[in-house]
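Dear colleague,

Please find below the structure that I am handing over to you.

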Amino acid sequence: MRAFIFDLDGVLVFTDKYHYLAWKQVADELGIYFDEIINNRLRGVSRMESLEIILERYEGSPLSRSDKEKVAEKKNEIYRKSLAEMTPNDVTEETRNTLIELKNRGYKLAIGSSSKNAKFILERVGLTQYFDAISDGTNITKSKPDPEVYLKAAEFLGEEASECVVVEDAYSGIDAAKSAGMEAIGIGDAYSYDRADYRISLFSELLEI
């Protein structure tokens with residue numbers, strides 16, 4: 001194992017509430033029922049694919065591709081306004097210290113996130129300097145469970161997939177890691193997923209694997 005690749009939301013930072021509130025505002029304006037159960041289906045999914053899931057309950061006139069892009073962009077504008085309020089205090093001391101120790105032990109670190117806002121979030125919370133590579137929604141065409149985002153991360157790191165381990169909180173992310181030929185560590189909601197090679201309750205437990 002030479003490198004760790006981390007999902008962002010739900011692993012390093014927690015922005016689910018911002019996603020939910022932004023999608024809820026958009027859905028309400030379209031007259032679409034939306035709750036936290038539906039929101040859970042959007043985890044690890046691209047913005048446009050998330051919108052398609054929300055539109056499953058839409059009863060109005062069909063939206064054109066252009067209309068959908070406008071809706072998705074409006075959601076992102078609402079979301080980014082919330083993200084702008086994030087600070088380094090949104091990252092726990094445990095998480096920050098664990099990343100530092102992994103770097104000290106000689107591991108390469110990368111981000112593997114479907115979000116197009118990954119770099120912005122990392123900058124807001126002061127984590128950018130810990131990562132050797134960032135693979136996110138700006139350089140992929142397929143969302144998890146497709147392995148593309150993790151394969152790109154390994155490529156950016158200059159490492160073979162078999163030398164990378166992924167830290168994920170979503171089932172789709174674990175599936176993506178396994179499809180990429182990488183080991184997977186489940187945390188949060190993915191702790192109970194039987195496809196994970198390792199399971200951790202605390203972020204600092206990475207240092208014991």
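Tyr-171 is partly exposed, with a relative accessible area of 39%, whereas Tyr-193 is buried at 12%; buried means under 20% relative accessible area, exposed over 50%, and partly exposed in between, with a 1.4 Å probe and protein chains only. The model is a predicted one, in which local features need pLDDT of at least 70 and side-chain atom pairs count only at pLDDT 80 or more, while totals for chains, interfaces and linings use all residues. Residues are numbered from 1 along each chain as its sequence is written, and side-chain values use heavy atoms, with hydrogens and water left out.

Aromatic rings

The rings of Tyr-171 and Tyr-193 form a stacked aromatic pair, 4.0 Å centre to centre with 10 degrees between the planes. Rings of Phe, Tyr and Trp (its six-membered ring) pair if their centres lie within 6.5 Å; planes under 30 degrees apart count as stacked, over 60 as edge-to-face and the rest as tilted. This pair links distant parts of the chain, 22 residues apart: Tyr-171 belongs to helix α8 (residues 171-179), and Tyr-193 to the loop between β5 (183-186) and β6 (198-199). Helices (H or I, at least four residues) and strands (E, at least two) are DSSP runs, numbered from the N terminus.

In total, the structure holds six aromatic pairs. Tyr-20 and Phe-34 form a stacked pair, with 5.6 Å between the centres and 25 degrees between the planes. Tyr-20 lies in helix α1 (residues 16-29) and Phe-34 in the loop between α1 and α2 (36-40), so that the pair, 14 residues apart, links distant parts of the chain. Tyr-20 is buried, at a relative accessible area of 17%, and Phe-34 is buried at 3%. Ring pairs also join Phe-4, Phe-6, Tyr-107, Phe-131 and Phe-203 into a cluster.

Two charged side chains sit over rings. Lys-75 lies over the face of Tyr-79, 4.4 Å from the ring centre, and the charged end of Arg-80 is placed over the ring of Phe-120, 4.1 Å from its centre. The criterion is that NZ of Lys or CZ of Arg is within 6 Å of the ring centre and within 35 degrees of the ring normal.

The nonpolar core

The largest nonpolar core has 46 residues, and those with the most contacts inside it are Phe-4, Phe-6, Leu-12, Leu-99, Leu-127, Phe-131 and Leu-206. Such a core is a set of buried Ala, Val, Leu, Ile, Met, Phe, Trp, Tyr and Cys residues joined through side-chain atoms within 4.5 Å. Two or more residues come from each of β1 (3-6), α1, α3, α4, α5 (93-104), β2 (108-112), α6 (118-125) and β4 (164-168). Helix α1 gives the most to this core, with six residues.

The largest pocket

About 690 Å³ of space lies in the largest pocket. On a 1 Å grid over the protein atoms alone, a pocket is an open set of points where a 1.4 Å probe fits, with protein on both sides within 12 Å along at least five of seven lines; lining residues have an atom within 4 Å of a point. Grid points are joined across faces, edges and corners, and the volume is the space filled by probe spheres set on the points.

The lining has 36 residues, of which Val-45, Ser-46, Arg-47, Ser-114 and Ser-115 lie nearest the centre of the pocket. At least two lining residues come from each of α1, α3 (47-54), α4 (65-83) and α8, and the largest share, five residues, is from α4. The lining divides into seven nonpolar, 15 polar and 14 charged residues. Here Ala, Val, Leu, Ile, Met, Phe, Trp, Tyr, Cys and Pro count as nonpolar, Asp, Glu, Lys and Arg as charged, and the others, Gly among them, as polar.

Further positions

A cis peptide bond, with omega at about 15 degrees, joins Lys-144 and Pro-145. Pro-145 lies in the loop between β3 (133-135) and α7 (148-157).

Leu-8, in the loop between β1 and α1, is buried at 0% relative accessible area. Leu-8 and Ser-113 are 105 residues apart in sequence and 5.9 Å apart in space, C-alpha to C-alpha. Ser-172, in helix α8, is buried at 17%; from C-alpha to C-alpha, Ser-172 and Gly-44 are 6.8 Å apart in space and 128 residues apart in sequence.

With kind regards
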